[in-house]
Amino acid sequence: MSGTPLLSLAIWVPIVAGLAVLATGSDRNAPLARALSLIGAVVGLLVTIPLYTDFDLQTPAMQFVELRPWIPRFNVNYHLGVDGISMLFVILNSFITVTVVLAGWQVIDSKVAQYNAGFLIMSGLLNGIFSALDGVLFYVFFEASLIPLYLIIGIWGGPNRVYAAFKFFLFTLFGSLLFLIALLYLFISSGGSFSILDWHRMPIGMTAQTWLFLAFLVAFAVKVPMWPVHTWLPDAHVEAPTGGSIVLAAIALKLGAYGFLRFSLPIAPDASHQLAGLVVALSLIAIIYIGFVALVQEDMKKLVAYSSIAHMGFVTLGFFLFSPMGVEGALVQMISHGFVSGAMFFSIGVMYDRAHSRMIADYGGVVNTMPKFAAFFMLFAMANAGLPATSGFVGEFMVILAAVEHNFWVAFAAASTMIVGAAYTLWMYKRVVFGSVANHHVAELKDINGREFLIFVLFAIGALGMGLYPQPFTEVMHSSVDELLRHVALSKIQ
Amino acid sequence: MTLAEMQFQIPDLRLASAEIFILLMACLILVGDLLVRDRKRTLTFVATQLTLVGAAMITFASSTGETVYTFSNMYVGDLMADLLKLLLYLTVIVVLFYSRGYILERPQMARGEYYSLALFATLGMMVMISASHLVTVYIGLELLSLSLYAMVAMNRDSVPATEAAMKFFVLGALASGLLLYGMSMIYGATGTLEIPAIAERLYMGQFDKGILVFGLVFLVAGLAFKLGVVPFHMWIPDVYHGAPTAVTLFIATAPKLAAFAMVMRLLVNGLIVVSQDWQAMLIILSVLSMAIGNIAAIAQTNLKRMLAYSAISHMGFMLLGIVTGVVGGDARFALNAYSSAMFYVITYVLTSAGTFGMILLLARGGLESDELDDFKGLNKRSPWFAGVMMMMMFSMAGIPFFVGFFAKFSVLQAVVAAGYLWLAIVAVAFSLIGCFYYLRVVKIMYFDPPANMSPIEAPLDMKILMSANGLAVALLGIFPQVLMSLCAFSLLRSL
């Protein structure tokens, strides 16, 4: 398989499929559009499988590399490649796209082609972000991926969708424009290279590193999102259609965290060490404060959105402990969060499709009318709370272990959220699912159908499989993470 | 060469054959149109388009790639001029196709004069592009401006159009006066009107610095008027808004190419030695334009007016490429910076043609369609054209994969390369503000319910051209290399 441009396929198969779906036109051809989207998403997933099976575990170097000149005028290359850090996200993203297409199968009945095309094109762009090794290529995918999500939130979203869509777009753009200047600065000071790998090797003085680190921090903190620039996320989640929420939580939030590993740490290692305290502090605020904010939410989507911010706090915390356990734990947490939060938003979507409410108060006793659903929802709620044997446990546990080695009080503060996390998730679950049937809306609920069952099974395999046997996920990360940390430990100041 | 030989020297007319051809054809069309009985003026239209195609062929065939002078050094032909002229013909051809439907529905405008004025304006721009003498610059500029004044006023019964023409004329005349005064001061300081000779005398230090800088201020003010940058931008919103949309389309596209050439000829070719002085002025103009243009555009409810402010901010952004050419006497980055500005202008013209073309596409049955609300729910009425307009908006906002991103990218890299980090940060901050109103247009088309569901009726040729325009914005956004190198190459051979 060495000659096949797998990463190009992972990027362009969904995009081409998306354009084909777009060409089916009006809603008269909706069944065709749906079928075509599913085929595109599944093929898009299949082409990413060899990335895992053919992955060389021994080397930290980039694999499946493709290098072609793109804009020779500025030495910009179409340079793709994945290592143990990014490879899993390409697969996760392609997997999520399949579930999203399935999730919107019956629910979306207006502008079906545009809806599915939006997700397929976004899937390709997101794969591009994870596999780009050229700064401009990365940036181009990074910004272009805003367009489909902006449209998805704005067209198929809830009543306050316009506000949410604008906030999402402008917040993210605000971060990424400074990032662009940082990229141009690196281009000039590296003597005309946009290769991210060149930038990793390039010596940079402390002042420049600090400014670069801060520019990266703004860009990625908005995307993660970290406290205090997180406010766009609850709005976007609440207003987005179910599919939009799934992609947002499962993939889009990972971009910021991924950016820390690809840009901040290796390009500005000295600044990273020096400013680690800042990031750790922001992460702890996200974990603890946002955890309590989640506790008082009355809207289920908002609650899960805040819990996502808290979970991403673990990720950024893990990165800035500079230990293999912490970084790998954070990576596991990212992938786990992809499955779990995707499933949580899908669960809420299932209820919303039936009762048209996301308010916890409107539910109660759902287990009586939707027993199968309640069982799945239970599993994912437990995973979200970090119960052992689910994927949510592995990552948080590894990060906390790493934090103990680093500083007991940081670990103590982070671990305290295991309790808060369990509290808000399980309390919500109790109020929604248990008890007697609250009102006639709940009494009329129908249990999940075959399609929804299939989606839940897919998510459950991910969440449980990773919780019981994380080895296949962590083993691909080892050499890349070790190499990254070895690199970050060396000073770049000369 | 003795004096006697010079006096009898016949200028090399072949170099200016495209200009001569356009002039002859414009006169011919003007007279020939009197004989046309057809109310639709199809023959005039076709003849005008063929003239432009013919001029393109002449320019292409006579291009040597060398820098050559004729008419006693008043006229220069070089690769930059050839490239800009070819793009100019293309722009005018597209503009005439776009505006045809619109002017046919307005009897005052559906006259042959419209086409001959367009040709005269084109001729004026060609002269500006090829000027190597201050008087040639002025002649070209006046030919362009006078044609445009008349075009704005063509729809005689329209009060806003007449008012716009009046404002345009008064302010334009004032700007020409400033420019002319500045030119006379430069003549006073250097003793010559030939642009290469001015550069030479400045280089040799044979000039009076005080008078020169005094003249420079007026020259820059005049240029700023013509470019439409703050604080000399007042006419832009009113003229864009008041003029018939077909004429707005014309004003908003082709003259930007000529204005870029004028800036290059006067400031870069002629006054590069005092670049410190004019760069400082242009930085102020540029920052103010980006600020006022982007902020004022947010408040607009009329799309033409919004795009007028957007044009101000775009010209401000383009100037960033001009001001970063020479840093502290070091001209290493000059080619990089000027070619990025050229790329910016060309892509802006392409996108601008598409956006105003879209307003014309929707304006049917004698009604305008220039309010933002006229675009409500366009996605339901025509997903394809909503998609094209969306691409234009994202391109103007500078979001990849559309060409506007690479335009901003190349200018910004020139700014960062020149060491003006703060300027780059200011520029992106205002782009972020600018993004808001472009996003609002997308919101209106996609998120709002349509006000009416009438299908889009437009001639097939216009629909095809609009689609091609949209695809060009997208394709150049994926493959910008060719156009970028073309700009760089033509400037490399011309500077």
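Modeller: Gladly; let us start with a helix pair. In chain B, the axes of α18 (residues 403-417) and α19 (residues 421-446) come within 8 Å and cross at roughly 155°. Axes are lines fitted to C-alpha atoms, for helices over the stretch in contact, with angles from 0 to 180 degrees between N-to-C directions. That makes α18(B) roughly antiparallel to α19(B) (an angle over 145 degrees). Helices are DSSP runs of H or I, at least four residues, numbered from the N terminus.

This is a predicted model: local features need pLDDT of at least 70, side-chain atom pairs count only at pLDDT 80 or more, and totals for chains, interfaces and linings use all residues. Residues are numbered from 1 along each chain as its sequence is written, while chains are lettered from A and ligands numbered from 1 in the order in which they are written.

Biologist: Which residues of α18(B) make the contact with α19(B)?

Modeller: Two residues are in contact if their C-beta atoms, placed from the backbone, lie within 7 Å. From α18(B) come Lys408(B), Leu412(B), Val415(B) and Val416(B).

Biologist: How many residues does each chain give to the contact between A and B?

Modeller: Chain A gives 25 residues and chain B 24. On the chain A side, α8(A) has the largest share, 14 residues.

Definitions and conventions:
Helix = DSSP H or I, 4+ residues; strand = E, 2+ residues; numbered from the N terminus. Parallel < 35°, antiparallel > 145°, perpendicular 65-115°, else oblique.
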